Every structure is written in structure tokens, then in C-alpha cells.
Amino acid sequence: MLDLGAPEPATKQQIGPDAWLLKGFALSDADALLAAIEQIAAQAPFRHQVTPGGYTMSAAMSSCGAYGWVTDRHGYRYSPQDPQSNQPWPAIPALFAELAERAAHSAGFAHFAPEACLINRYTTGARMGLHQDKDEQDFTAPIVSISLGAPITFLFGGPNRSDPTSRWLLEHGDVVVWGGVSRLYFHGVSPLGKKASHPTTGAVRYNLTFRKVR
Ligand SMILES: O=C(O)CCC(=O)C(=O)O
Ligand SMILES: [Fe+2]
């Protein structure tokens with residue numbers, strides 16, 4: 001007899017130790033996610049932040065949750081306020097938190113409660129070089145990443161910058177979860193291609209990353 005138990009994503013691909021690509025996991029929530037991003041950006045507009053080294057990031061960023069990730073000439077940090085408005089960041093919508101928790105659970109991480117959601121907006125040519133997500137204090141919680149809009153190539157490496165990377169196409173509604181052994185693995189995205197587009201967002205890609213900060 002066919003077991004129709006809990007709904008599972010169409011495919012679940014292992015991309016590293018304790019790291020999973022959940023194809024299409026957020027697809028049915030995609031329109032609601034995009035609408036919520038628009039509301040968040042009305043309060044905390046997308047901006048191109050500058051790294052301590054003086055490099056202007058090609059992805060525009062906003063945040064929601066108890067903390068947002070900020071960078072300026074003084075360094076990287078989590079801040080409870082948006083430095084642009086000196087107001088708290090918009091709250092994480094219930095849908096975001098619930099979806100992130102479900103994705104984490106599906107990848108083997110129970111009880112994930114995100115405190116921060118970084119929102120990246122990529123236009124043609126925007127990228128994110130290989131880096132570790134290491135500004136959080138708690139590395140026992142995973143990172144949950146949701147992709148919306150135009151497709152991009154995700155690079156997933158290892159614990160050292162020089163480790164070889166594998167390449168994964170991230171499409172509208174895909175979710176990546178990495179934690180445990182992979183929590184501090186290097187990762188990034190290739191420049192958004194000139195022809196990359198999606199019917200809903202055009203030549204724009206959004207990425208949401210959920211993190212436990214403290
Ligand atoms: O855009 C992505 O898929 C990755 C984003 C990322 O690694 C980050 O915001 O730290
Ligand atoms: Fe990252």
C-alpha cells in the first residue's frame with residue numbers, strides 16, 4: 001500500500017555533510033513570500049552595503065527579525081536596528097518562520113527558530129563571493145536559504161576557502177539547508193546571468209537566509 005504520510009519535497013539532494021537542497025520546497029508559498037518581501041522593503045529599503053575593505057556589495061540587502069546583518073567600514077555585525085532608520089527591523093512574518101522551520105526539519109534539524117532573515121536582491125551580474133556565515137554566536141543551528149525569482153548557480157565548498165566547490169542551480173522555490181558538519185562551509189553564488197529571468201520577478205533574484213544569531 002502506498003504510504004502518503006507527511007508531504008515531502010519533490011526531490012531532496014544532499015550537497016554536503018548535513019547539507020541539503022530541497023527542490024521546490026517553497027514553491028507553493030512563493031507568491032506570499034514575494035508579497036511579504038515587498039512590504040518589508042517598504043519599511044527597510046534594499047541598500048548596497050559597503051564591506052570593511054571598502055567594497056560595495058553587488059547584491060542589495062534588507063533584513064527582518066530581531067536582528068539584521070549590517071556591514072560598513074567598521075566591520076560586519078548583527079544589529080537590532082536598521083542603521084538607515086534607527087528603527088527595529090520589520091518582524092519576521094509568521095509564514096517565513098514556519099517555512100524555515102519546516103525546511104530545517106526536513107533536512108534533519110529539529111526546532112529551528114530563526115532570529116534573523118537576511119534578504120538579498122540580485123540583478124544582472126550581481127554575485128556573492130565565497131564566504132562563511134560566521135557572524136552568528138550559535139553554530140549549532142543551521143542556515144536555511146530560500147531562492148525566489150531568476151535562477152542562479154550556488155557554489156558549495158568545504159571548511160577551507162581553497163576547497164573544491166560543487167555547483168547547484170537554485171531556482172524559484174528552492175531551499176538549501178546547511179548545518180552540523182557543513183555549518184561553516186564556504187559558499188557563494190556566481191554572477192546572475194544576463195538571460196536569467198523568471199515570469200514573476202523578471203531579471204531579479206531574491207534570496208532569504210534564516211539564521212539563529214545568539
Ligand atoms: O544568495 C544566496 O543564495 C546565498 C546568500 C548568502 O550566502 C548569504 O547571504 O550569506
Ligand atoms: Fe552566506
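## A buried valine

Val175 counts as buried, at 1% relative accessibility (buried means under 20% relative accessible area, with a 1.4 Å probe and protein chains only). Val175 sits in strand β13, residues 175-178 (strands are DSSP runs of E, at least two residues; helices are runs of H or I, at least four; both are numbered from the N terminus).

Beyond its neighbours within four places in sequence, Val175 contacts Trp20, Leu21, Leu22, Phe25, Ala26, Ala103, Val144, Ser145 and Ile146 (contact means heavy atoms within 4.5 Å).

## About the model

This is a predicted model, where local features need pLDDT of at least 70 and side-chain atom pairs count only at pLDDT 80 or more. Residues are numbered from 1 along each chain, ligands are numbered from 1 in the order written, and hydrogens and water are left out of side-chain values.

## The iron site

Three residues supply the protein donors of the iron ion (ligand 2): His131 (NE2), Asp133 (OD) and His187 (NE2), at 2.1 to 2.2 Å. Donors here are N, O and S atoms within 2.8 Å of the metal (3.2 Å for Na, K and Ca); water is not among the atoms, so sites may look incomplete.

His131 lies in strand β9 and His187 in strand β14, 56 residues apart. His187 is buried, at 4% relative accessibility.

## Two helices

Ala32, Leu33, Ala36, Ile37 and Ile40 in α1 meet Leu95, Phe96 and Leu99 in α2. The contact residues comprise 8 nonpolar, no polar and no charged (Ala, Val, Leu, Ile, Met, Phe, Trp, Tyr, Cys and Pro count as nonpolar; Asp, Glu, Lys and Arg as charged; the others, Gly among them, as polar).

Terms used. Buried < 20%, exposed > 50% of the residue type's maximum accessible area, 1.4 Å probe, protein only.
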